[in-house]
Amino acid sequence: MNRPTLSLLAVATALAAVTGFAAFSAPGDPGTEVTGAVARLPVERTSRLCPAPSLSDLAETTYTSITPTGKGGADRAPAADAGGSAELKESTVTLADPADPDDGKDGKGDTAGDGKSGGKTDAPAGDSAASGKSLITLKEPGTPVSGESSGATAPALVGTATGRFAPGWTTQQTTTVTAGGARGLLGMTCTAPDTSFWFPGASTERSRQDYVHLTNPDDTVAIVDVELYGADGAVKADSGEGIPVPARSSVPVLLSTLTSEAAPNLTVHVSTRAGRVGAAVSAADDAGGSDWLTASADPAGSLVLPGIPADATDVRLVAFATGSADADLKVQLSTPEGTITPAGHESLHVKSQMTAALELGDLTKGEAGSLVLTPTGSTAPVVAALRVVRGKGEKREIAFIPATGAITARATVADNRAKGSTLTLTAPDGAAKVRVTSSPGTGGGEPTVETYTVKARSTLAVTPKAPAGLKGSYALTVEPEAGGGPVHAARTLEVPEDGVPMFTIQTLPDDRGTVSVPRAREDLAILDSGK
């Protein structure tokens, strides 16, 4: 069959319509190394989205943003005179009414700032949110910048980085709530916009208040479907289809308003019919605190869930088979000494389009570890996450660990403190060496670099070396050295409060700060940075 030739320019235009833009210099430019017909160049534009941090009046939120320095897997680093910027601006927060499918489809949202949006009531975000006030602006790559907000009216943030600030740009959102049903330390790495997200580990049981936050970075309305899957398959939902997310706005949707079914373990699938969004689930447990549940890695036959604390008192695995085939998974724990099979928890059967859970208890027993899932038969695609508990009784606190991909070149996590940060590195196959850079602090300090060796099929948990003369918080950049096995990573941040072991865990997926570009100049075009 004869097919018309599709140029890179056409492909790039299609990508741009979905995910945003990143421009590049030609591979033949000075300073660019080219291997064969392809060069890896740093992205030149990327977006990050931070949902409204909390509904609690007691919430205190810190945002920390950084662009790491160096090549990050590219054939060359961004030029010092490349210019650019990185800025996070406040956006409108609109409470969703999924039962009203026509609401907000004009994409205007709360343009009057009076708390009204197509018949809905906006969360009070103040005049600054409606005007797009800047909260964080980076000054130089390699040095983190922080900003703060407080209370239930803190808005969502929409950010863009360009030029030399784009490759690897990351922002951490950390919220402390000291009392009430939303008590806890809630942390997340602000997300990139996309068209599909999977969240195993959500719940609509009566003790939980789970919201899926949908944030639109673009100038046109996005239309979103939210699907729920439980132990018996798709959950009958009274609403959830065609939810409009106004331009440059954020919409939190309470999952229990989508269905009358009280399910302890759910998988949430967010997909867009039009446009793109950032998505994350805020989970609050009346008896166990609160935290963010971020999206699982893309569906795959094998998954790694890194960073289970040494003192975890209860761990629950939640998995979902996204395809048409059932999945049979071998469950293993990667420890500092090697990989073991937890007694009595050797496997998990996940039926197609259904959510399965496995109670693992206090499986780490004093040594930090990571969960490794591999197929025992066919490689049916799955997504997975862990709900992790520290403490007991009224002093319990929860966090979540979604499955995450390996770091292929570089990953960064911000808002590390002088005390309370733990970096977990897992090598599920061969041994690996990892370079870890601690940035200067937000208020000053000198960067430090350490190299760690992770034994094959094991997990290494370390207290990262803080920058010399640290003032404020700092970022960690993780770069596996060439020639080693794949590395998966997570960061745990602990901030105890009145005897409650408050903590949050962020996984470190690759920052995707580069894109392969063909040598043919006639086809060189604007491409996208992806997630």
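**View A. An open sheet of four strands in the order β8-β3-β10-β11.** In this predicted model, the four strands pair in an antiparallel manner. The edges of the sheet are formed by β8, which covers residues 145-150, and by β11, which covers residues 184-189. Each of these edge strands pairs on one side only. From one strand to the next, the twist averages 15°.

**View B. The pairing of β3 with β10.** Strand β3 comprises residues 60-66, and strand β10 comprises residues 170-177. The two strands run antiparallel and are joined by seven bridges. Within this pairing, T61 has T175 of β10 as its bridge partner. In general, strands of a sheet pair through backbone hydrogen bonds, in either a parallel or an antiparallel arrangement.

**View C. An open sheet of four strands in the order β30-β37-β32-β34.** The pairing in this sheet is antiparallel. Strands β30 (411-416) and β34 (448-454) stand at the edges. Each has a single partner strand, so one side of β30 and one side of β34 are left without a neighbour in the sheet. The twist averages 20° from one strand to the next.

Terms used. Residues are numbered from 1 along each chain as its sequence is written. This is a predicted model: local features need pLDDT of at least 70, side-chain atom pairs count only at pLDDT 80 or more; totals for chains, interfaces and linings use all residues. Side-chain values use heavy atoms; hydrogens and water are left out. Two strands pair if DSSP finds at least two bridges between them. Axes are lines fitted to C-alpha atoms, for helices over the stretch in contact, and angles run from 0 to 180 degrees between N-to-C directions.
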